[in-house]
Amino acid sequence: MNRFPKSDHPSRAKPRPPAGEVFVWLTSLGLALGILMSIGLIVLIFWKGFSFFWPRNVVELTVRAPANPGTLGSENVWGGVVVKKQAKRSDIALKLEIVRQEWQLFVGNKDTYGHMYRYTDVDAITSVERPKGVAVAERAEYGKAIFYPISITMENGVVIPAEAPDFIKEWRLLVKKSNDRRDKIYTIEKRKIGKVNAALESLRLKQRRLLKKTSDGLTHNQKLSEIEKKMAVLQAEYEVFASQAQQLRAKQKEVQLTYKLLSGEVLTQPMGEILYFYFPNQMNFWHKLHYFVTHFWLFLSEDPREANTEGGVFPAFFGTFVMTLLLSIAVTPFGVIAAVYLREYAKEGLIVQSVRIAVNNLAGVPSIVFGVFGLGFFVYGVGGTIDDLFFADRLPTPTFGTGGILWASLTLALMTLPVVIVASEEALAAVPRGVREASLACGASQWQTVQRILLPAAAPGILTGLILAMARGAGEVAPLMLVGVVKLAPSLPVDGFFPFIHLERKFMHLGFHIYDLGFQSTDSEAAKPMVFATTLLLIVLVIILNLGAILIRNHLRKKYMTSIF
Amino acid sequence: MSLFSSSSPSLKNKKKRMDPVSKRILRIDRMMNRVIQIGGLSVILTVWGIFLFILWQVFPLFQKAKVSSSTSIHVGVDDFTVIGTDEWAELPFFLNLKGSFFFVDLKKGGKSFHLESDWPDVQPTITTLRYRQDAQKVIFGTQDGQWIDVEVLYKPNFNKNGEREIQVKLNPDKHFIKLGERNAPIVSIDAQDYETRKMVAGIQKTDEGHKLHALLLRRKVSLLGQSQLKVDQSYDLSNSIEGHPEKVLINASADAITVLTREGAVHYVVFQNGVFTLQQTFYPFGENPETPVASMDFLLGDASLCFTDTTGQNLIYSLYHLPESGKLEYGLTKTFPPLKGGGSIIFSASQRNKAFLIGNKEEVSLRFSTTESIRWNKPLEYMPRSAVISGKYEHIFIADTAGNLHSIELNDPHPEAGLKAFFGKIWYEGQPEPQYSWQSTGATDTFEPKLSLVPLIFGSIKGTLYALIFAVPVAIMAAIYTSQFLKPRLRRIVKPSMEIMASLPSVVLGFLAALWLAPIIEDQIPSILLMIILIPLVAVIMGRLWIFLPQRARSWVSSGNEFIIFLPAILIVGYLCLQGGGLLEQLLFTVQDPETGAVIADFRQWWPQFTGTPFEQRNSLVVGFMMGFAVIPIIFTISEDSLSQVPASLVSGSLALGASRWQTAARIVVPSALPGIFSAFMIGLGRAVGETMILVMATGNTPIMDLNIFSGMRTLSANIAVELPEAPHHGTLYRTLFLGAMVLFLITFFVNTLAELMRHRLRKKYQGLA
């Protein structure tokens, strides 16, 4: 059909171009636009997302004092990382004749400056330098600091100046030490104290249960006093751990780093606050690549800090993963059973027809409606009933009667059910009729045919459907907002405490993380790079899942092309 | 696997002759058959289950008030004037003109006890009293022209078993205060505290007729914490109004007096800057009515007056700013069906919502002002004298002339709801006209929830419209090109890459729309306009020029690859448009600066000035474009499928007859695939209607009703996402949001079924052709 008819009128010598070519060009516009949008968006996200991890050079600017003194700009020398070069916004807004250029710089040092970004007119800059000695340090609080190191004061009062030959080596060692200590504090506070707290909590519940019952004599009181004794032991344990953590924390502050900001202020900072540091202007491409890879990994594996605007996204990533896993566990059996029923068991007729329409309809129901259903049915209905029956002693604090990862997974499972049903049905339909008949002719029962012939043959197709369902589930946010996603979950849904998998817990999710960072955080400009990085992660996850599904599907097509008989 | 080898060939156990098949296999087979059937059917039932569940949650919204039980207690006080109650409806009281309170303890089976107001001076002769339920105060007016406040202090205590016990104490003011003239009996009185101010107004009977007086008092709190009332100013307002005043009411902010006269006129007197001025005089039932006004009372919030006349007509007048003059005046906003048996004898306004109770011997009626609906009504077998609705809107007490207390347990959880509330135009308090409005929560307790779904449905339609205007042409053009002209080798790449676009999470699109695209588009509107015109124009021009190129040059780009030259062309034109936008702006979109008079070229200022509609950063243009990412791939995939399904014989036939490739596509392929394209359109529409995150993030979420492309909207789906997490379980808002979900469900159900039927038709059509 792509043949180009040479001519409309063969009688003419000069071939006249075919009719309607203009419209062909017009339609090609649609495709070109679609492809541009698709590629453009993905390139944008990749570019913005990855540039978050790439270390950039720090410039030191000498700036003529601006017209409005009193602000930070009254100093002459300052610097940072150039983030944006653009036509001056205020000039555009004022519709001035000559629009000046301006730079946006990341200046860091939020504790001193009060903000992270700053603009300057290009005209005002008298010199731009890239000093080699500038260091950038990531801190536990207030984000990044950009400075010249001056000296390190050790716990015994010895001062190592920055000019000392092994200064950097020493610094690196100290940061490593304090990082190890921080890990230790984390282990004590999260793991050990967490364990004690969990034990205390269960004892407290037992106590409450006993107190509610009317006393039945000696054994009752005995039990109570036993619990109290146990609680006292745990409390003592807690004190020990707490004091250990306290000591370590104090140690974190012993070594001090003295440094000078680009704008001249001299400050000291406990070494324990510094997570890592680097000298961006001394790094070559490979150093930067190394930094890029390690920080991408840190982003994946670390907990968020400072109201999610710094640090990593591990809990959100993990939450998304666990939820998707639970979703697929829930959706597969039901989806496959429904498909097998529709394709192999039910007789074609009005019922099956209407059922197909129902399933297709379910696929078109907006995700938020599933969220509404999940909230009403799972959370308040089923969850509330479970609480009444099994967790009555914890009421009025709900256990299952509030949003949680189980309800979120089930809600999304319901939402993605049609995807799995339709894909499984198609896969079953693609199994040639001959295979089925051969199996039955060999004497296999219907279930045996389904179990040993049809399902294995359809498995790749079912898998495709499942992956598509997972991709849709992983990217969906709207229903989750109703059934259990939170901006900051205190603990993961899977951890080392009995019963290890905590289905009732609230969880974090990459998609919601994006929404929360972009729209609920106080400093959305500062959070923007982080949002792009998170977006990148989510997009990569979803695209990998989708590509996988598409590849399996294409592979399948080839397989059955040849096996029709 | 051992099972398999032991079995011998058998067919299903339908046949009589049974081959020796292992019983276990048959059992498993039967069991699995059942499991699959039950499982399959139950999955399918789930679809309906979802709908039924939501319906079940929504259903209570449309129920009328129910009375679950009604008891009567003979209290034996027959000289009372009013009854009152505490918030929990456990300790109602009867009050007579001597100032004696007879409390009825309903928890103890109606045992009654009585408390005397502890008068500071000698026992006064009380001529009138008014019970203000919101402040739990009674204002007494006396024969000799004085007044006093008595506070009824209810205090809940919890005993050892955690049960509530209500204790009551009477707390009268320290002295009587003179209203206006000494020794002139007060016939009507009202008082209202607001911050440190207190206003008292009363009507006194003198030899020269009825006089209207007002007092302004200031409350001073001493260091010891004792407060003292001091009269600031006294006003005689008799001359500022005409007629014989009969009843006086003071509003909640203690800055206006409403007076009813015997002639049937209502005077609205406003206190401002130390002066009382007559703002408005109106006749609720018309001038010189044959039937006088029977009652005038405030509804909750004191912004609406409820009137009945002696024939039982029932009207509501509300305060609103007149659109022309901007004056705050009363206007008729609601007309209720008349009360049987004449004017109302009893009145009580709910302290929770805009419900009120009116009644006489023939009928008692609980009505809801906002929705103009009658929640409950009933004929009475007794003559009522006073009634009160408990603070929680859970009980109604009616006292009859024989001193019986009738306690009615009320079950009306959603009075604000109803078809009219959700889909009708309603004249809300303070609004100059009836309107569709959504505003579910307000700052004060007296707030009137506005629960119209119409602006939300309108918002959904608006968002969908703008998304489809952009997405449909692009998607369908792309589908026609891909299926008809593109090389098959490329098609295998193009289709999946468009499908990947479909999988982009909407939260990502929403984030990009709001934080990346919206600020960029904001000052590039003229460029965007240029692009919308120029890019298709360039396509047409390129197509035209192409034909005139020599054959050799044309063969350079083989047919089916046209779109590749388009990619740079679009980029170049797009760039040029971005540069040329400023020029266009200076040519067309200029406004005069109101301060300097200078001419500035700024589309953002030009648009509101030219069209009178606002320009917002997060607007429908941004939303429409970003929703395109969600909708284009869906429409594209489905219509491409149906276009490709058109039997090849039709295409070959057309080409063989000498039609060009466009003629074939436009006259043969597209018409045959039209139902499929329509179905794609419907499914795209369904997706756009239900899209949530893009709209939550990129629209600003204001529930307005205009089609302006440069303003935002609030859609049904976004509304649910924004409000449901905060909505109390099983409250009116919660159920209303479920109703919103049901509307969404129904819209998509309708659209999808239509699409499915269309596709079915298409399939049938080709069965004969293939």
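User: Which residues are linked with B:R130 in a network of salt bridges?

Analyst: In this predicted model, B:R130 is linked with B:R132, B:D134, B:D190 and B:D302 in such a network.

User: What makes the contact between A:E189 and A:R249 a salt bridge?

Analyst: The N to O distance between the two side chains is 2.9 Å. The cut-off is 4 Å, between a side-chain nitrogen of Lys or Arg and a carboxyl oxygen of Asp or Glu. The pair is within that limit, so the contact counts as a salt bridge. It links distant parts of the chain: A:E189 is in helix α4 and A:R249 in helix α5 of chain A, 60 residues apart.

User: Why is A:E189 called partly exposed?

Analyst: Its relative accessibility is 34%. Buried means under 20% and exposed means over 50%, so a value in between is called partly exposed. A:R249, at 39%, is partly exposed too.

User: What makes B:K462 and B:D706 a salt bridge, and which parts of chain B does the pair tie together?

Analyst: The N to O distance is 3.5 Å, and the limit is 4 Å, so the pair qualifies. B:K462 lies in helix α4 and B:D706 in the loop between α14 and α15, so the pair ties together parts that are 244 residues apart in sequence.

User: How do you know whether B:K462 is buried or exposed?

Analyst: B:K462 has a relative accessibility of 1%. That is under the 20% cut-off, so B:K462 counts as buried.

User: Where do B:E640 and B:R491 lie, and how many residues apart are they?

Analyst: These two residues form a salt bridge, with the closest N and O atoms 3.3 Å apart. B:E640 is in helix α11 and B:R491 in helix α5 of chain B, 149 residues apart. B:E640 is buried at 1%, while B:R491 is partly exposed at 24%.

User: Why is B:K23 called exposed?

Analyst: Its relative accessible area is 68%. Exposed means over 50%, so the name applies. B:K23 is found in helix α2 of chain B. Together with B:R24, B:R27, B:R30 and B:R34, B:K23 belongs to a patch of positive charge on the surface.

User: How many disulfides are there over all chains?

Analyst: The count is 0. A disulfide needs a pair of cysteine sulfur atoms within 2.5 Å. Cysteines in the model include A:C442, exposed at 60%, and B:C306, buried at 0%.

Definitions and conventions
Residues are numbered from 1 along each chain as its sequence is written. Chains are lettered from A and ligands numbered from 1 in the order in which they are written. This is a predicted model: local features need pLDDT of at least 70, side-chain atom pairs count only at pLDDT 80 or more; totals for chains, interfaces and linings use all residues. Side-chain values use heavy atoms; hydrogens and water are left out. Patches are made of residues with over 30% relative accessible area and no salt bridge: like charges are joined within 9 Å, nonpolar side chains (Val, Leu, Ile, Met, Phe, Trp, Tyr) within 5 Å. Accessible areas come from the Shrake-Rupley method with a 1.4 Å probe; for residues, only the protein chains shown count as cover. Lys and Arg count as positive and Asp and Glu as negative; His and the chain ends are not counted. The place of a charge is taken as NZ of Lys, CZ of Arg, CG of Asp or CD of Glu. Helices (H or I, at least four residues) and strands (E, at least two) are DSSP runs, numbered from the N terminus. Buried means under 20% relative accessible area, exposed over 50%, partly exposed in between (1.4 Å probe, protein chains only).
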